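Here are my notes for you on this one, written for a first look. Have the structure open beside you and go through the points in order.

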Amino acid sequence: MSVIRSSDIGNYLYCRRAWWYKKQGFESENQAEFTAGTEIHRQHGRKVLASNLSRSLGLILLFIALILLVAYCTAQLL
């Protein structure tokens, strides 16, 4: 009895015929496209990570600026 993995289920739901061919041992003819798609996904993942880090840094700097503004206004009133 073979083990069913979640990726097998995903592949089956995406394309039953491709899943069956893979189970029969047939190699896909578009390996270059798969490799290119994998690289595009990696690049996109890096961009998303950089975007999230930039946004977090921006929010931290905004919070610091607001604290400094409140401190400055308080000092001017006293």
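**Notes on the model**

1. Let's begin with Ser-7, which is found in helix 1 (helices are DSSP runs of H or I, at least four residues, numbered from the N terminus). Ser-7 counts as partly exposed, at 43% relative accessibility; the scale here is buried under 20% relative accessible area, exposed over 50% and partly exposed in between, with a 1.4 Å probe and protein chains only. From Ser-7 to Phe-26 is 19 residues in sequence, and 17 Å in space, C-alpha to C-alpha.

2. A word on what you're looking at: this is a predicted model, where local features need pLDDT of at least 70 and side-chain atom pairs count only at pLDDT 80 or more, while totals for chains, interfaces and linings use all residues. Residues are numbered from 1 along each chain as its sequence is written, and side-chain values use heavy atoms, with hydrogens and water left out.

3. How many salt bridges does the structure hold? There are two, taking a salt bridge as a side-chain nitrogen of Lys or Arg within 4 Å of a carboxyl oxygen of Asp or Glu. Side chains of opposite charge can pair when their charged atoms come close.

4. One of the two joins the side chains of Asp-8 and Lys-23, at 3.6 Å from N to O. This pair links distant parts of the chain, 15 residues apart: Asp-8 sits in helix 1 (residues 6-14) and Lys-23 in helix 2 (residues 16-24). Is Asp-8 buried or exposed? Asp-8 counts as buried because its relative accessibility is 14%, whereas Lys-23 is partly exposed, with a relative accessible area of 45%.

5. Arg-42 and Glu-39 also meet through their side chains in a salt bridge, 3.7 Å from N to O. Here both partners lie in helix 3, three residues apart, or about one turn of the helix. Arg-42 is partly exposed, its relative accessible area being 49%, and Glu-39 is partly exposed too, with 31%. If you follow the chain from Glu-39 to Ser-54, 15 residues along, the C-alpha atoms are separated by 23 Å.

6. Now for the surface. Leu-57, Ile-60, Leu-61, Ile-64 and Leu-68 make a nonpolar patch of about 490 Å². Patches are built from residues with over 30% relative accessible area and no salt bridge, joining nonpolar side chains (Val, Leu, Ile, Met, Phe, Trp, Tyr) within 5 Å and like charges within 9 Å. The areas come from the Shrake-Rupley method with a 1.4 Å probe, and for residues only the protein chains shown count as cover. Leu-57, one of the patch residues, lies in helix 3 (residues 31-77).

7. Last, have a look at the largest pocket, with a volume of about 560 Å³. Of its 15 lining residues, Ala-18, Lys-22, Phe-26, Ser-28 and Phe-34 are the closest to the centre. Helix 1, helix 2 and helix 3 are the elements that each give two or more residues to the lining. Which element gives the largest share of the lining? That's helix 2, with four residues.

Conventions: 1 Å grid on protein atoms, 1.4 Å probe; cavity = no way out; pocket = protein on both sides within 12 Å on 5 of 7 lines; lining within 4 Å. Points joined across faces, edges and corners; volume = space filled by probe spheres on them.
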